[in-house]
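Dear colleague,

I am passing on the structure we spoke about, together with some notes on what turned up in it. Please look through the sequence and the structure first, and then read on.

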Amino acid sequence: MSELKELMKKIDMHSAFEEENIDEKIYMSKVDELADKAFEDQCTPANPRLPLVTELKELLLEAYYGELEEKNN
């Protein structure tokens, strides 16, 4: 993961939606809807493990704040 972060810095790529000046209030008002739509997407069942809607929501929140951590599951 550190290599990815290093590359992102090198190419001046932000690591969070928040850094892209996306309005927090608007984003948060859409998180539940986005998680539901991601769960309903036809590609989601093709994942090795079907995520819960709550897990998708957590990923969306982590993507906004840039708090995505490497997890070994």
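Where is L50 found? L50 lies in the loop between α2 and α3, and please bear in mind throughout that this is a predicted model. With a relative accessible area of 47%, L50 counts as partly exposed, because that class covers values between 20% and 50%. Apart from neighbours within four places in sequence, the residues in contact with L50 are F39, T44 and P45. E18 is 32 residues away from L50 along the chain, and the C-alpha atoms of the two are separated by 27 Å.

As for the overall picture, the protein has three helices and zero strands, arranged along the sequence in the pattern α-α-α. Its C-alpha atoms fill a box of roughly 35 × 30 × 20 Å along the principal axes, and buried residues make up 15% of the 73 residues. Of the contacts with a separation of 6 or more, 57% are between residues 24 or more positions apart.

The axes of α2 and α3 come within 8 Å and cross at roughly 145°, and the crossing is right-handed. On the α2 side the contact is made by E24, Y27, M28, V31, D32, L34, A35, D36, A38 and F39, while α3 contributes V53, L56, K57, L60, L61, A63, Y64 and Y65. Sorted by class, this contact has 14 nonpolar and four charged residues, and no polar ones.

The largest nonpolar core consists of six residues, namely Y27, V31, A35, L56, L60 and Y64, and the elements that each give two or more residues to this core are α2 (24–40) and α3 (53–65). Y27, one of the core residues, is in contact with F17, I22, L60, A63 and Y64, once its neighbours within four places in sequence are left aside.

Turning to α3 itself, this helix has 13 residues and reaches 19 Å from its first C-alpha to its last, which is close to the 18 Å expected at 1.5 Å a residue. The buried residues in α3 are L56, L60, E62 and Y64, and what covers them includes α2. After α3 comes G66, whose phi is positive, near 75°.

With best wishes

Terms used. Residues are numbered from 1 along each chain as its sequence is written. This is a predicted model: local features need pLDDT of at least 70, side-chain atom pairs count only at pLDDT 80 or more; totals for chains, interfaces and linings use all residues. Side-chain values use heavy atoms; hydrogens and water are left out. A nonpolar core is a set of buried Ala, Val, Leu, Ile, Met, Phe, Trp, Tyr and Cys residues joined through side-chain atoms within 4.5 Å. Buried means under 20% relative accessible area, exposed over 50%, partly exposed in between (1.4 Å probe, protein chains only). Helices (H or I, at least four residues) and strands (E, at least two) are DSSP runs, numbered from the N terminus. Contact means heavy atoms within 4.5 Å. Axes are lines fitted to C-alpha atoms, for helices over the stretch in contact, and angles run from 0 to 180 degrees between N-to-C directions. A crossing is left-handed if the near helix is turned anticlockwise from the far one by less than a right angle, and right-handed if clockwise. Ala, Val, Leu, Ile, Met, Phe, Trp, Tyr, Cys and Pro count as nonpolar, Asp, Glu, Lys and Arg as charged, and the others, Gly among them, as polar. The expected span of a helix is 1.5 Å times one less than its number of residues.
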